[in-house]
Structure formats: structure tokens, C-alpha cells
Amino acid sequence: MHPPTRRHVLRGLGLAGLAAGGLAACGSSPTISDDPDELVMWYWNRSASPKLLEQAAKNVPGTDRHVRADVIGTTFDTKLRTSLAGGAYIPDITYINSNNALYFRNEHQFLDMNDLGAAQHADDYYEWKWKLGITPEERFCFFPLDIGPTGFYYRQDVFEKAGLPTEPDEVSAAVSTWKEWIALGAELRKATGSALVNTAQSIYEQFLNASPERYLDAEDTPLYTAEGSAVREAWDTAVAAIDAHITAGIPDARGTDQNAAWSSGKTAGHVNASWWSQIIQESAPDSAGLWRLADQPVRPGNSGGSFAAIPHTCNDPEAAFAFIRWINTPDHQAEAYNDVQLFPSAPASYESGTMKYAGDFFGDQDPLAFFSHAAEQVPESFISTWESVVSGSFTLEITNVETAGKDPDRAWADAIAAAEKALRKRGVQR
Amino acid sequence: MSVMTTPPPVDAARPSTAAVPRTRALGWRGVLSHWPQYVAIAPFYVLFLVFGLFPIVFSIVLSFTDWDGMGEIRFAGLSQYIYLVQDSRFWNAVANTFIIWFLSTVPMLFLALVIAFLLHQNIRFRGFYRVAFFLPNVTSMVAMAIVFGSVFSDSFGLVNSALTALHVDSVPWLSSSLGIKVTIAVMVIWRFTGYNAIIYLAGLQSIPTDLYDAAKTDGASTWQIFTRVTIPMLRPIILFTVITSTVGGLSLFTEPQVLLGDAGGNGEAGMTIVLYQYNQAFTQFDFGYGSAIAWALFVLASVFAIINWRLLSERRDAPRRTGRKARS
């Protein structure tokens with residue numbers, strides 16, 4: 001209850017000033033670290049080799065910087081986008097998942113690594129992977145980390161029971177087209193009651209992942225409405241699989257059910273990338289050793305795989321790029337595979353012979369040779385930034401056909417209408 | 001809640017009217033002379049301004065714009081709201097939310113009332129049962145969604161195994177439209193029945209025992225006592241639980257999200273309003289539309305708040321009437 005003295009007021013103002021100063025300090029420095037020699041990198045669990053990060057924490061070879069690697073948990077994109085939008089606490093290097101096309105709309109948030117001499121390393125990596133890192137403005141913003149070449153996983157024991165071909169070469173030869181693959185699934189269903197895959201959606205998606213054409217082109221023009229488009233072919237293939245009753249109808253959201261189906265053999269196959277074997281090995285270890293890999297029909301695709309990018313606020317772009325290149329040399333990618341099973345985007349990693357596959361998931365079959373061979377055949381494709389806006393309509397409707405018995409023609413029309421509506425809403429189409 | 005139910009306290013007005021002239025006389029000097037007190041309460045208000053009020057106001061602004069969370073914010077006028085009223089996915093989410101709310105609230109409150117009534121009796125291990133019924137409320141929802149996912153699994157679940165053992169056709173709990181809604185409703189019931197039972201129990205304990213004694217003297221049966229004494233006396237408590245269940249039901253998110261994923265399950269049968277809002281804002285990065293959905297939910301919730309408020313203000317006159325009139 002003392003009357004305010006001048007000292008009181010001054011002290012109060014001083015406090016307010018300090019607070020304001022603190023806030024201003026946050027705003028003026030867009031990067032995270034105050035240490036001028038430190039580069040901050042954001043990644044997620046198992047997306048980089050801990051051993052290599054340990055080395056980089058001391059020094060990035062060829063520079064006088066070191067890297068502080070922060071694991072950002074779930075909602076990685078939300079956190080990265082928030083810091084970029086706010087212009088504060090932005091990492092100097094960031095990993096970005098296979099959804100890198102999402103950032104095409106804001107590509108100038110990232111530096112063009114061609115300005116830092118990236119082009120000279122292009123030959124070290126699969127060409128299709130390198131091109132996925134190029135934005136519609138022809139800037140190279142996303143450096144290749146790992147990839148996800150796909151194959152046809154199948155349960156050898158179930159195939160044997162059904163009297164189907166069992167050896168990888170025989171199976172590959174028997175399913176060179178999707179039509180043959182579906183016929184094989186129908187035989188399997190008849191003989192053992194097992195489904196070939198869990199969802200029609202997975203067929204639809206892996207068909208597109210192995211296709212040079214996808215949803216939209218680089219000019220944001222939808223391609224799926226055209227006669228004989230890749231999306232339509234993928235759709236028709238999935239519908240044919242549903243008609244032949246070779247899918248189990250267990251959607252991806254129900255992972256527990258899916259794993260139970262795979263480990264019990266009620267579902268005897270799957271089309272997906274190299275990383276999938278770890279998931280099934282952890283969730284259904286009993287089935288390890290019973291799985292084999294065959295070529296998927298037509299050609300392999302790519303599912304997943306990530307990139308590294310340098311935000312425009314980076315303290316030292318040269319050093320950041322030196323780090324990205326250093327951690328992704330073919331030798332280091334081979335080490336990363338041995339460490340955390342990241343499948344290399346550099347063909348030389350496999351050719352060096354230092355990559356080791358541990359485990360007996362595929363019996364005596366060598367998955368490294370299989371997936372390296374698959375990686376060479378993945379077609380080049382363009383993933384549009386708007387793909388994530390439209391793709392959900394198609395996968396939703398194919399699931400409706402599969403589990404609710406919706407008429408495929410009506411489902412297709414609904415999917416197209418929903419996709420067009422979503423694009424119009426985002427201002428992509430008139 | 002208590003703010004809404006209690007009539008405006010007459011005393012409360014008095015100190016403030018007395019305080020007004022004094023503050024006026026002192027003006028800013030009055031504020032300054034109390035600065036330590038203001039500083040002491042400031043942390044809450046500063047945090048509320050930054051993390052409470054600002055996001056609320058900003059989301060109003062965002063709902064009139066088109067923003068992907070990163071690039072420039074473009075003013076879009078009412079277009080988000082115009083799209084919203086024509087968006088069949090949004091109305092599907094509204095319908096889902098209300099169906100799940102109805103499927104869960106009605107059995108839940110009935111069960112809770114019965115449990116509370118039983119717990120109120122002189123039975124053994126009362127404390128144990130009270131704790132046991134409340135436990136689901138403090139269990140991690142994420143863990144429970146996984147358990148429920150296994151229990152209700154279409155081809156490998158406990159429920160369907162039991163049904164098959166009883167020679168009843170198995171139910172596609174997690175792939176049919178109604179099955180998904182029932183499963184989510186069961187999760188809500190499982191989680192909140194105990195919570196509501198505890199609240200009813202508190203209400204039961206505040207009913208004077210002489211009412212029961214009088215009813216017994218008049219020869220009323222247990223059922224008559226329950227319906228004629230307990231339920232009317234519990235009416236404000238029941239209204240309170242209806243309101244909290246409505247708030248919870250309208251903002252249903254965790255259960256469907258963990259059980260079915262961001263897409264809301266087959267045919268979006270488990271897509272609730274908040275899940276749709278999350279889906280649009282954080283998986284489609286359409287923050288303008290996400291904000292518009294949030295404000296649409298606000299409008300819906302307001303409508304319900306007004307209905308509840310009407311019910312409550314009617315209740316305020318009830319004690320003046322006789323018991324019989326209050327029920328009619």
C-alpha cells in the first residue's frame with residue numbers, strides 16, 4: 001500500500017524492457033544455435049546413422065563446423081513448417097520424408113544445392129531419386145538419403161500348400177503382368193482360403209508407385225481424367241483384384257489386424273518396399289524365414305525414402321552441404337544400412353560389398369541383391385505438390401468398393417468429383 | 001458449471017460498487033500502488049494472452065483466409081464458410097459426431113446412475129469398487145484404443161470369437177459404418193461411466209436421508225424410491241453430466257483418431273468434427289478451412305449451450321413448485 005515511488009516505476013519499466021528485449025532477441029535470430037561453429041540438424045528416429053552423427057558432432061570433415069542433431073518426434077512436418085512460417089528456430093539442415101513435394105509450394109524456403117556444387121555428385125545416385133529432389137522451378141532442393149524399392153513379398157509355405165510355384169524365380173516368372181498376378185491370387189484363394197494382399201488400396205498405390213505417370217503434371221494439370229491414365233489403370237487393377245476376391249479387406253489403419261493376418265498366413269503376400277520386412281519381423285516374428293521376394297508385376301516402384309534440405313536461413317550453407325554430401329557418400333550410406341537399415345540411394349553402396357543383411361527373414365534369399373536390382377528399374381516420375389490433396393479421394397473410394405461393395409463406376413465418379421472439388425478449393429483449377 | 005447453476009449472488013455486486021468510486025479517485029495511481037499484486041497475477045494473464053486468447057482470435061482471422069501454414073496468408077473472404085456449408089464430408093462428420101454422442105451418452109448415463117445407486121448402498125468393499133469404476137477414466141486412451149482395436153477386430157477379435165462360439169454371425173465392427181460408431185461409443189462409455197457414477201454418487205450423498213425415511217414410512221418400494229425421490233432430487237446433477245457429456249461428445253477426437261487413423265475409417269464412418277478439422281489443418285495443411293470448421297463447431301456448441309442454459313434456468317424456479325408439478 002505504499003505510494004509508488006519513482007524507483008518503483010523505473011524498476012517496473014526496466015523489467016518490461018528486459019522482457020521486450022528477450023522477445024526481440026528471439027525474433028532477430030532465425031537459427032537455433034548461438035554457437036557460430038554449430039550447425040543444427042533436424043531428423044527423426046532411425047533416419048540417420050547414430051555412428052556417423054557422433055563423428056559429425058565433433059567435426060564435419062573438410063569444414064570447421066560441427067553438427068548438433070536433434071531428433072524431432074512425430075508431427076515432424078508441422079514443427080518444421082511452424083518454424084519456417086515463424087522465421088525463428090529454423091534448423092540449418094533438415095531431413096524431409098518422402099512427402100518432399102509438399103514443400104514445392106514454398107520451395108524458396110530452401111536453398112538450391114546446385115549453387116553449392118551438388119550437380120557434380122548426381123552420378124553417384126539413382127537418377128530417378130535425384131530427379132525427385134528437383135522442384136518445378138528446376139531447383140535442386142532435396143538431396144537423396146534412402147530409398148524404398150518395392151517387391152512382391154510372399155509366404156513360401158502357404159504357396160507350397162496351395163501347389164503354386166515356390167521359388168522366387170518361378171514366382172517372378174509366373175506374375176510378369178498384374179493379370180497373371182491376380183490369377184495366381186485367385187488360385188491361392190481357392191486352394192487355401194488365404195488372401196494375396198490385405199488391401200486393394202495397397203495394389204492401387206504400388207501400381208502408381210511403379211508408374212512413370214502419376215496424378216498431376218508439373219503444370220498442375222490433372223492427368224487422371226484422361227482416357228487410359230495411370231491412375232485409371234491402377235484403379236482398374238485394384239478393382240479386378242477385388243472382383244477376384246484376392247484381397248482381405250483389412251485397411252492400413254488397423255495394423256494389428258493386418259499383422260495378425262500376415263503372421264497366421266491368412267494373408268500370404270504384400271507388395272511394398274525393403275523397409276517393410278522390419279515391420280513384419282517385429283510384429284510377427286513367427287513368420288520370419290517363411291517369406292520370399294519375387295519381382296512385382298511389370299516393374300518395381302519406389303515407396304518411401306527421404307531427403308535432406310538446407311533452409312534459406314542456414315548459418316553456413318557450404319558447410320551444411322559438405323555435411324549432407326559427407327553423410328551420403330556411397331560408403332557412408334552402406335554404413336547407415338548396416339546401422340539402421342536405410343536402403344542406400346547410391347548404387348555403389350551395394351556394389352562395394354560392405355552392406356550386410358542380418359537375419360533370416362527371407363531364408364537363404366539375399367534381399368540386398370534383390371532390392372538393389374529392383375532399384376535400378378524404378379521409373380522416373382514427377383510427384384506433384386497437390387498429390388496429397390487428391391490421392392485420399394481415390395484410396396477412400398477404392399476401399400469403399402472393397403469393403404462396402406460400392407459400385408466401382410460410381411466410386412470412380414465420386415473419387416474424380418471429390419478430387420476436382422479439392423483442387424478447386426485450393427485454387428489449383430478454375 | 002457452478003457459475004452457471006448458482007443464481008447471481010446478490011452480495012457479489014456490493015463490494016464492486018463500493019470499489020468503483022475509490023478506484024476512480026485514485027485512477028492510474030491506484031493501479032500503480034498495487035503493482036506488486038498485479039505483477040503477482042500477471043503470469044497467468046500473460047500466458048493466457050499468448051497461448052489462449054491470441055490463438056483464438058488468430059483462428060477467427062485465419063478462417064477468412066487461405067493459408068497452408070507456411071506461405072503467404074491470402075484473404076479469402078467468406079469462401080471457407082461457403083465451402084463448408086456445401087461440404088458433404090463436413091456434414092457427414094457432424095452426423096457421425098451426433099450419432100456417436102447419442103449412442104454413447106444415453107447408455108453411459110443410465111449405467112452410471114445404476115452403478116452410483118448400487119455403490120450408495122451398504123455393500124462390502126465399497127471403496128474398492130469406487131476406485132475400480134473410476135480407473136478407466138485415468139487410463140491412457142492411446143493404450144486403450146489398441147486394446148479395443150484388438151477386442152473388436154473383425155477377423156481376430158475377442159468379441160467376434162465369442163459371437164462365433166455362440167453360433168452368432170460375426171459383426172464387422174471396424175469396417176461397417178454402424179460397427180465403427182458402436183465401437184467408438186463403447187470406448188466412450190467404458191471411459192466415462194465411472195466418472196459420471198462418481199458424480200452421481202456425490203449427488204446421492206447430498207440427498208437428505210429423511211426423504212427416504214418418509215418414503216419408506218409411506219410404503220414406497222425401492223423402484224418407487226428410485227424414480228420418485230432419487231431421480232427428481234438428482235435432476236441438476238443429471239443436467240450437469242448431460243452438459244459435460246455433450247461437450248465431450250462434440251469434441252470427440254482421440255478415440256476415432258487412435259482407433260481408425262487420420263482418415264476416419266472406412267467411408268469416413270468414424271470421422272468426427274474435430275477429427276475432420278485436424279485432418280484438414282494438419283494433414284492437408286489447409287489452415288483456413290480447419291479454422292472455419294473449428295468455428296462451425298463453436299456455433300454448434302453454442303446452440304447446445306443455449307438449450308442447456310434454458311433447461312437450467314427453468315430449474316431455478318422448480319423448488320417453489322410442489323414435487324409433482326416439477327416432474328410434469
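Okay, so before anything else: what we have here is a predicted model. Let me start with chain A as a whole. Its C-alpha trace spans about 95 × 50 × 50 Å along the principal axes. For secondary structure, you get 17 helices and eight strands. Out of 430 residues, 47% count as buried. And if you take the contacts in chain A between residues at least 6 apart in sequence, 77% of them join residues at least 24 apart.

Now the sheet. In chain A there's an open, three-stranded one, ordered β6-β5-β7, and the pairing is antiparallel. So which strands stand at the edges? Those are β6, 269-273, and β7, 291-294. Each has a single partner strand, so one side of each has no neighbour in the sheet. On average, neighbouring strands here are turned by 35° against each other, ignoring direction.

Zooming in on one pair: β5(A), residues 150-155, runs antiparallel to β6(A), and five bridges join the two.

Over to chain B, for the helices. Take α6(B), residues 88-120, and α10(B), residues 177-205: their axes come within 6 Å and cross at roughly 40°. The crossing is right-handed. What residue classes make up that contact? By class, 22 residues are nonpolar, five are polar and one is charged.

That's it from me, thanks.

Conventions
Residues are numbered from 1 along each chain as its sequence is written. Chains are lettered from A and ligands numbered from 1 in the order in which they are written. This is a predicted model: local features need pLDDT of at least 70, side-chain atom pairs count only at pLDDT 80 or more; totals for chains, interfaces and linings use all residues. Axes are lines fitted to C-alpha atoms, for helices over the stretch in contact, and angles run from 0 to 180 degrees between N-to-C directions. Helices (H or I, at least four residues) and strands (E, at least two) are DSSP runs, numbered from the N terminus. A crossing is left-handed if the near helix is turned anticlockwise from the far one by less than a right angle, and right-handed if clockwise. Ala, Val, Leu, Ile, Met, Phe, Trp, Tyr, Cys and Pro count as nonpolar, Asp, Glu, Lys and Arg as charged, and the others, Gly among them, as polar. Two strands pair if DSSP finds at least two bridges between them. A residue is buried if 20 or more other C-beta atoms lie within 10 Å of its own, exposed if 12 or fewer, and partly exposed in between; C-beta atoms are placed from the backbone. Two residues are in contact if their C-beta atoms, placed from the backbone, lie within 7 Å.
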